Amino acid sequence: MALIDLANPTRFLSATARVLPWLAIATAIAFAVGLYLVWSAPDDYQQGATVKIMFIHVPNAWLAMAVWAVMSIASIGTLVWRHPLADVAAKAAVPLGAAFTFLALLTGSLWGRPMWGTYWVWDARLTSVLVLFLMYLGVLALSRTVDDPSRAGRAAAILTLVGAINLPIIKFSVDWWNTLHQPASVFRASGPAIDPSILTPLLVMALAFMLLFVTLHLAAMRNEILRRRVRTMWLMQAHAAS
Amino acid sequence: MTAFLALLQRDTRLAIRIGGGALMGVLFFLIVVTLVPFAVGPDLAQLRRIGPAILWVGALLASLLTLDRLLAADHEDGSLDLLLMGTTPLELVVLTKAAAHWITSCLPLVIATPLLGLFLNLEPLAIGAVALTLLAGTPALTCIGLIGAALSVALRRGGLLLPLLVLPLTVPVLIFGVAASNAAIAGPTSFGAPFMILCALSLGSLVLGPFAAAAALRHGLE
């Protein structure tokens with residue numbers, strides 16, 4: 001039964017084995033180009049060299065949200081079609097999404113220290129990203145608590161979809177709460193409109209981080225499939241022994 | 001309808017009788033509210049200022065306390081399997097169980113609010129506002145908690161996991177509950193807008209909660 005389910009993942013494994021090296025190379029090139037552009041980008045006239053944190057921070061923050069979208073689509077696949085790969089995709093994306101969210105928070109905090117004079121402010125954006133991080137950890141904890149992978153996948157899928165409905169509401173209410181408590185004084189009106197000399201490195205870095213996510217996601221999916229095979233083998237071995 | 005009433009009656013009775021733990025929530029609420037002045041100091045002016053926030057956080061935590069038994073007790077003795085196999089739609093079943101939980105665990109919190117409000121030196125108007133927002137907001141807490149309870153029902157450490165899953169989702173309810181209470185007390189915004197949004201959150205989770213919980217039960221217990 002479980003072995004039949006693995007039929008499709010086998011094709012996935014052979015396909016990704018061919019694609020992954022190229023993806024890894026493309027990621028490395030994108031990072032090399034992106035970092036060179038960041039290196040040569042001009043410093044901000046107000047923020048100095050610290051503006052370069054932005055090139056790491058913003059792509060991470062974008063990915064933090066994009067990964068939840070990937071998980072939501074995969075969750076629909078899990079619940080509606082019970083596609084074994086969708087389940088694997090959702091599970092493999094969770095730690096990556098949590099890592100990107102954590103990096104967005106960390107770099108934002110390090111950027112905030114010289115800019116705002118404090119590591120943390122209860123700003124609307126920071127707060128909703130923090131809640132997003134907590135929800136990633138919740139999904140992670142849930143899928144690590146159930147033994148059976150397919151049951152764990154479906155439970156995590158329901159939580160992911162509930163989160164997908166709730167995240168805009170949380171974002172909206174945190175924005176509302178923030179304007180109520182303090183006028184938007186911390187975030188300056190995003191400075192001057194972004195200059196091409198800043199925008200180009202930013203977009204290249206975003207592409208690099210996106211490629212990094214795709215590469216790591218496919219690799220993590222392969223690992224997860226192999227892990228499930230090992231588990232099935234163990235179970236069969238234990239069954240045969242008893 | 002008969003099934004709804006029968007299940008509601010059964011769950012309410014089970015919760016009120018010995019071992020049901022319905023009043024644990026109120027006791028916990030009382031203890032939390034008693035602890036806060038020890039932490040922030042006995043300054044009455046300050047307590048009055050943060051009173052609505054204390055009451056809301058206390059009620060939120062107290063409503064979590066009994067959530068893990070919402071479905072787990074029925075799962076352990078097998079009656080949840082009977083309900084799953086029965087002809088009554090599972091969505092209605094979990095909605096009924098949520099209603100029974102709200103009546104036995106959250107309604108007592110609302111009733112206890114005026115007394116605890118006196119401890120925190122709140123004005124009668126403020127007490128009324130907090131009690132009203134709790135009345136409007138706790139259905140949302142129960143229905144969001146219902147999803148968490150359904151997801152964690154068959155897990156060995158489900159009770160520990162439940163708050164982790166539920167609490168981030170309750171952020172909007174907390175924000176608008178406290179905001180509406182504060183608006184009624186001090187302004188500057190009107191009481192109506194946040195209160196309406198709070199009611200909308202309750203109605204929305206009343207729809208979302210049973211469907212998500214029923215889906216979680218179907219997938220989790222097969």
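**Figure 1. The largest nonpolar core of the predicted model.** In this predicted model, the largest nonpolar core comprises 122 residues. Within this core, the residues with the most contacts are V67(A), A93(A), A150(B) and A216(B). Helix α7(B) is the greatest contributor, giving 16 residues to the core.

**Figure 2. Surroundings of V67(A).** V67(A) is among the residues with the most contacts inside the largest nonpolar core. When neighbours within four places in sequence are left aside, its contacts are A93(A), L96(A), G97(A), F100(A) and F213(A). Of these partners, A93(A) is also listed among the residues with the most contacts in the core.

Figure 3. L217(B) is part of helix α10 of chain B. The residue counts as buried because 25 other C-beta atoms lie within 10 Å, where 20 or more are required. Residues up to four places away in sequence not being counted, L217(B) touches L84(B), L90(B), V94(B), A150(B) and V153(B). Between L217(B) and L64(B), the separation is 153 residues in sequence and 19 Å in space, taken from C-alpha to C-alpha.

**Figure 4. The side of chain B that touches chain A.** The contact draws 21 residues from chain B and 21 residues from chain A. On the side of chain B, α7 (124–151), α8 (158–166), α9 (171–186) and α10 (192–220) each supply at least two residues. Helix α10(B) gives the most to this side, with six residues. By residue class, the side of chain B that touches chain A divides into 17 nonpolar, three polar and one charged.

**Figure 5. Length and end of helix α2 of chain B.** Helix α2 of chain B (residues 24–40) has 17 residues, which at 1.5 Å a residue should span 24 Å. The C-alpha atoms at its ends are 25 Å apart, in agreement with that expectation. Just after α2(B), G41(B) adopts a positive phi of about 100°.

Figure 6. The buried residues of α2(B) are G25(B), V26(B), F29(B) and V33(B). They cover an arc of only 105° around the axis and therefore lie on the same side of α2(B). An α-helix has 3.6 residues a turn, so residues three or four places apart point the same way. The buried residues of α2(B) pack against α3 (44–65) and α6 (90–119) of chain B. On the face turned away from this buried side, α2(B) carries the exposed residues I31(B), T34(B), L35(B), F38(B) and A39(B).

Methods. Residues are numbered from 1 along each chain as its sequence is written. Chains are lettered from A and ligands numbered from 1 in the order in which they are written. This is a predicted model: local features need pLDDT of at least 70, side-chain atom pairs count only at pLDDT 80 or more; totals for chains, interfaces and linings use all residues. Two residues are in contact if their C-beta atoms, placed from the backbone, lie within 7 Å. Helices (H or I, at least four residues) and strands (E, at least two) are DSSP runs, numbered from the N terminus. Ala, Val, Leu, Ile, Met, Phe, Trp, Tyr, Cys and Pro count as nonpolar, Asp, Glu, Lys and Arg as charged, and the others, Gly among them, as polar. A nonpolar core is a set of buried Ala, Val, Leu, Ile, Met, Phe, Trp, Tyr and Cys residues joined through C-beta atoms within 7 Å. A residue is buried if 20 or more other C-beta atoms lie within 10 Å of its own, exposed if 12 or fewer, and partly exposed in between; C-beta atoms are placed from the backbone. The expected span of a helix is 1.5 Å times one less than its number of residues. The arc is that of the directions from the helix axis to the C-beta atoms.
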